[in-house]
Amino acid sequence: MAYSDKVLDHYENPRNVGSFDKNDSNVGTGMVGAPACGDVMKLQIKMGSNGIIEDAKFKTYGCGSAIASSSLVTEWLKGKSLDQAAEIKNSAIAEELALPPVKIHCSVLAEDAIKAAVKDLKSKQK
Amino acid sequence: MIYFDNNATTALHPEVLKEMLPFLTSQQGNPASNHTFGRKAHTALEEAREKVAASVNAHPSQVIFTSSGTESNNTIINGIAKAYSNSHFGYSSIEHPCISEPIKSLVSQGYKISEIPVDSNGIFNVSSISDKTKKSLTFLSVMMANNETGVIQNIAEIADWSKKNTIQFHTDAVQALGKIKVDFEALDIDAMTISSHKIYGPQGVAALIVNKKIDIIPYMQGGGQEKGLRSGTENIAAIIGFGKACERSSQNLVEFKENIGRLRLILEKALLAIGAIIFCENSNRLSNTTFFSFKNIDGSTLLTALDRKGFAIASGSACSSNSSEPSHVLLSMGVDLDLAQGALRISLGLESTEGEVNGFIDTLKDEVDRLRQMAAVAA
Amino acid sequence: MKNKLHDMPIYMDYSATTPVDPRVAKKMIPYITEDFGNPASRSHPYGWAAEKAVENARREIALLVNADPKEIVWTSGATESNNLAIKGASNFYSKKGKHIITLATEHKAVIDAVRECERVGYEATFLEPEPNGLLDIEKFKSTIRPDTVLVSVMLVNNEIGVIQDITAIGNICRENNVIFHVDAAQATGKVKIDLEKLPVDLMSFSAHKTYGPKGVGALYVRRKPRIRIEPQIHGGGHERGMRSGTLAPHQIVGMGEAFRIAREEMDEENNRIKNLQTKLLKGLTEIEETYVNGDLEKRVPHNLNISFNYVEGESLIMAIKDIAVSSGSACTSASLEPSYVLRALGRSDELAHSSIRFSIGRFTTESDVEFTIALLKEKIGKLRELSPLWEMYKDGVDLEKVEWAEH
């Protein structure tokens, strides 16, 4: 499989790898996918006092495109509001990374992970 | 030894060998493998496919690599039989056994088959197909150029007729490629067989060109190579050689038309002068092929004598020359059994020279004289 | 970590294809240049020389497996041999019945040929092997029916390298008057094959898995007692009518030379490769949570198939591109499906996905093995650092009990 340079870059040098304390009330965690499907993505966002995402981390079990998709969105998420974050579309991820058709599901998974993390954080804020 | 048996097989062209060598000697991957070695092999395979396609004006996706012309012909016939259970197979009486035998083997499975004769000049006419046969015929195979007589059929006309009668049409172009222009797209036919070792490429590789209008079910299953139509790890080195040989084959066309045609003219003039009968003499033939016989001279004796003098020629086609059967091609043209039995074939090649042809003529004259004298003594 | 010694990756995929041995290439070249005749040409020395070379090579194939040269039929490769054996024999003996038994872990060429037989009215049983990859003989015995016509079992598995008990399986076939075909494409030069003693009727061989060229193989067809097959390719009547088509002498000569070398050097080579395998196994199993697929005892030394838990297969392959290996068999590795062989052993999809087949051979060196071990240690570590599953495992979470948001 031929990967784009951007996928390779994120794969070789993944940004923001790691974990926050998932019990922190300012941290939202989204875990999507299943080992049997070949991808599990864990995405965490940390909200600052101004309601803006100040940091994001991820861990991904999956192919190079899945790793790159999650690495990319951690960069995009920083500085966004929760509502702006939830607006991120898989098509934008796929386009940025030039994902081939068979890898589009990786970008869908990343979008799902963002939504799940935002949802988790919102539920904690209530 | 002078080699005049180029319709049986040809010597590998040095340029072809040069392309092949790296694929024989250095580390080579399996094109199905998903690593650098595999991808390199895969890329080379697809480049060769493009060259093969270009040489016959087909699309690369229409090219299926096989291990021989025989396999290509079996693939199309068995593949059609499996995909269309009501098939009625027609074939000319001068087809190579690798067309006629697989078709005949289908009779036991309940398929209808029809052998269609050629005329005394070795030419196939659609008018010789009876109306009754025409009505139920679904598939027809007629070779583009005959391996023994060299006669070239009017494939465009036969293909056109087939299309009008909704008959699937296949041509075995193994002998034609590299000697005359072969244009798959212009001919607008369903399937065509070509082979590497007749065009100065390596043995062990050939292709079946198939348009997308017909379905074939493969006779071999496995790893799903060649879009599932021909499983088995690809014979990379040979395929590379085939690609190069195809690329070169258009250059050969001029050579065949001019130089080789001129040599044959010299040869045939001399043959006629010493009383040879040249089969299909006045038909449109490949410029390198002469199929001839002498009345009252035993062909196999002559063949042995010529061999001893250093000339490699053939009696009929290589595949059947281990048997003493007379040429089925000649018999189906209505040639007398005696004459057919003594038939010899000369097929010139790119390396053939005027000196070789003259040397052959001198030797042949001597041998024919000698045999005639012996016959006269015996009588 | 960069592989500085080569500009190409280190080749650890000998089961997909082997390089042509330089001695083989040297022997082949004259047959594509000066001795180029068509072996079916009986009227001149070009043809005779080609025919003689073909017959010498046939003798070499026979010698390696202790058979009569007359029992060897040339083909274009193991795929064709398998198709010819399975369809040819089951068709010829179809009066006995239309039931075929094979293993779920056979090569695609066998599985799909048997499937094709099913399409035309045969019934097939695909036996699941034991978790170690070996066939349970009793289980096999109970599958045989009065209408069983053919059994096909491979000698050495291409993915996991296990060696089946061909003698026991063959004896049961004999007792039940069933034709026994063995795919030995991965076995030649790796295990001793004595067809005089083995109760095998048909055996498939490949050249390019044994340092010979691609595009040529052979089928052994027993003469005593005589086994008949229906030809699948018709034409000039080559190979005593069993397989028509012009033979390619240079390729056949190459296969002959490859098999000669295998015969003469097998014992010594296997010792050397066994040492490399031991070293590789020791090094790789030092990594936590690794699982060797297939029996370790009844296995060729050339193969190690290991699953690395908690890392994903495709990203693993990408991480170790400085070595050329395969995940699953080469013929299917372009697809994303987990290996059907490992699944037949009962491995989970995850472990099947994260399996790597290391296959080593004649030109593998000790430093290649050392490099591979170091590379795997580094890259597995890196991927696990990225893996949420590894984190959960380390935190003591039972992954079996997690409810996954499947999509």
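Residues are numbered from 1 along each chain as its sequence is written, and chains are lettered from A and ligands numbered from 1 in the order in which they are written. In this predicted model, local features need pLDDT of at least 70 and side-chain atom pairs count only at pLDDT 80 or more, while totals for chains, interfaces and linings use all residues; side-chain values use heavy atoms, with hydrogens and water left out.

I begin with the salt bridges. Side chains of opposite charge can pair when their charged atoms come close. A salt bridge here is a side-chain nitrogen of Lys or Arg within 4 Å of a carboxyl oxygen of Asp or Glu. Over all chains, the structure holds 56 of them.

One of these joins B:E71 to B:R230, with the closest N and O atoms 2.6 Å apart. The pair links distant parts of the chain, 159 residues apart: B:E71 is in helix 3 (residues 69–83) of chain B, and B:R230 is in the loop between strand 8 (206–210) and helix 8 (236–273) of chain B. Helices (H or I, at least four residues) and strands (E, at least two) are DSSP runs, numbered from the N terminus. Are these two residues buried or exposed? B:E71 is buried at a relative accessible area of 0%, and B:R230 is buried at 7%. Buried means under 20% relative accessible area, exposed over 50%, and partly exposed in between, with a 1.4 Å probe and protein chains only.

In chain C, C:R119 and C:E116 form a salt bridge at 3.0 Å, N to O. Both lie in helix 4 (residues 108–119) of chain C, three residues apart, about one turn of the helix. C:R119 is partly exposed at 45%, whereas C:E116 is buried at 8%. Chain C also has a network of salt bridges linking C:D21, C:R23, C:E265, C:E269 and C:R362.

I turn now to the cavities. A cavity is a set of points, on a 1 Å grid over the protein atoms alone, where a 1.4 Å probe fits but cannot get out; its lining residues have an atom within 4 Å of a point. The largest cavity is lined by 40 residues, and those nearest its centre are B:G232, B:T233, C:A78, C:T79 and C:H208. Helix 3 of chain C gives the largest share of that lining, four residues.

Next comes helix 2 of chain B. Helix 2 (residues 36–55) has 20 residues and reaches 29 Å from its first C-alpha to its last, close to the 28 Å expected at 1.5 Å a residue; the expected span is 1.5 Å times one less than the number of residues. Its buried residues include B:F37, B:L45 and B:V52. After this helix comes B:N57, whose phi is positive, near 50 degrees.

Finally, the backbone. Most residues other than glycine have a negative phi, and most peptide bonds are trans. Where does a cis peptide bond occur? A cis bond joins C:K224 and C:P225, with omega about -5 degrees. C:P225 is in the loop between strand 8 (217–221) and helix 7 (249–285) of chain C. B:Y200 has a positive phi, near 70 degrees, and is buried at 2% relative accessibility. A:N16 has a positive phi near 55 degrees, and lies in the loop between helix 1 (5–12) and strand 1 (27–34) of chain A.

Methods:
1 Å grid on protein atoms, 1.4 Å probe; cavity = no way out; pocket = protein on both sides within 12 Å on 5 of 7 lines; lining within 4 Å.
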